[in-house]
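Q: Please take a close look at the nonpolar core of this protein and at the elements around it. State the cut-offs behind each term as you go.

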Amino acid sequence: MFEGLSVAMVTPFRSGAVDRDAVARLVEHMVAGGVQGIVVSGSTGEAATCTVEERRELWAFVRERAKGRAWIVAGTGTNLPPTPSRSRAWPRNWAWTAPWS
């Protein structure tokens with residue numbers, strides 16, 4: 001299903017909020033560098049630092065910025081219970097693959 005290079009993207013913050021300009025630059029940098037898959041809020045601490053709504057907004061923003069040039073994995077796990085109910089809250093139709101898949 002997934003092939004190639006994938007990376008866990010850090011989530012930059014400025015003044016206590018997700019820095020969208022920096023996120024956009026990161027996405028462009030990763031795609032230009034040959035990354036085929038971006039893991040968003042998957043393993044760089046967002047489970048403890050972002051609300052579910054912030055993470056949803058981040059997933060959608062990265063999806064829009066990647067524009068089909070890289071596949072996206074939305075990290076839905078957390079260090080707070082109950083993870084399964086939070087994961088089920090994410091729409092099932094948001095499974096993306098790159099255009100060459």
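A: pLDDT is the predictor's confidence in each residue, on a scale from 0 to 100. The model is predicted; its mean pLDDT is 80, and 74% of the residues reach 70 or more. Local features need a pLDDT of at least 70 and side-chain atom pairs count only at 80 or more, while totals for chains, interfaces and linings use all residues. Residues are numbered from 1 along each chain as its sequence is written, and side-chain values use heavy atoms, with hydrogens and water left out.

The protein has four helices and five strands, in the sequence pattern β-β-β-α-β-α-α-β-α. Helices (H or I, at least four residues) and strands (E, at least two) are DSSP runs numbered from the N terminus. Of the 101 residues, 33% are buried, meaning under 20% relative accessible area with a 1.4 Å probe, protein chains only.

A nonpolar core is a set of buried Ala, Val, Leu, Ile, Met, Phe, Trp, Tyr and Cys residues joined through side-chain atoms within 4.5 Å. The largest one here has 17 residues, and M9, V23, V27, I38, V40 and V62 have the most contacts inside it. Two or more residues of this core come from each of α1, β4, α3 (52–66) and β5. In soluble globular proteins, nonpolar side chains tend to be buried together.

Leaving aside neighbours within four places in sequence, V62 is in contact with M9, V23, V27, I38, V40 and I72, where contact means heavy atoms within 4.5 Å.

The sheet comes next. Three strands form an open sheet in the order β1-β4-β5, with parallel pairing; two strands pair if DSSP finds at least two bridges between them. The edge strands, β1 (6–9) and β5 (71–74), each pair on one side only. From one strand to the next the twist averages 25°. Strand β4 (residues 37–40) is joined to β5 by four bridges in the parallel sense, and I38 stands opposite I72 in β5.

Helix α1 (residues 20–32) lies across β1 and β4 and runs at about 165° to β1. Axes are lines fitted to C-alpha atoms, for helices over the stretch in contact, and angles run from 0 to 180 degrees between N-to-C directions.

Conventions: Buried means under 20% relative accessible area, exposed over 50%, partly exposed in between (1.4 Å probe, protein chains only).
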